[in-house]
Amino acid sequence: MTAATTPTISSATPRSATIPAAAAWLGGLGLLPFLIPALLLWLGPADGRELAWLALHAYAAVILSFIGAVHWGAALHEANSGRLWRAMGWSVLPALLAWVTLLMPHPQGVALLLLGFAAQYLADRRAAAAGQLPVWYGRLRRVLTAGVVASLALALARGV
């Protein structure tokens, strides 16, 4: 990363483009439950693969639901009925998608979750650009989504 694209981290205000330290640290640490099971699928014992798949699949479903709910929270102060319905309507879709993936075999469910994270990133980016979410949130989501997608892709490349 160049200096122009490296996220700035500090104790910024929500309207700032600077990613607050708490969000950067907690978000970054939240990547570990994606990366560790993905690595265990490649480097761990064969008899531990099912547990690694389960851990990755379940955590990814929980986190996709979590980041979808950000739009619900952001809409709580919305006065415009149309925007309220759009934001709250969108916010429940990631949770529903995540739930459906938990009913699927791990590789297929994780592949669908990967697509869900990509779609959620686009929604987050659009909301941040429109001022519905802080500018820093869009920047943070770009970095975190890259880590999530890379971990899920690494797991999928291993297969069952």
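Colleague: Why is Tyr 59 called partly exposed?

Modeller: Tyr 59 has a relative accessible area of 22%, and partly exposed lies between buried, under 20%, and exposed, over 50%, with a 1.4 Å probe and protein chains only. This is a predicted model, in which local features need pLDDT of at least 70, side-chain atom pairs count only at pLDDT 80 or more, and totals for chains, interfaces and linings use all residues. Residues are numbered from 1 along each chain as its sequence is written, and side-chain values use heavy atoms, leaving out hydrogens and water.

Colleague: What makes Phe 34 buried?

Modeller: The relative accessible area of Phe 34 is 1%, so this residue counts as buried.

Colleague: Why is the pair of Phe 34 and Tyr 59 called edge-to-face?

Modeller: Rings of Phe, Tyr and Trp (its six-membered ring) pair if their centres lie within 6.5 Å, and planes under 30 degrees apart count as stacked, over 60 as edge-to-face and the rest as tilted. Here the centres are 4.9 Å apart and the planes stand at 65°, so the pair is edge-to-face. Phe 34 belongs to helix H2 and Tyr 59 to helix H3, 25 residues apart.

Definitions and conventions: Helix = DSSP H or I, 4+ residues; strand = E, 2+ residues; numbered from the N terminus.
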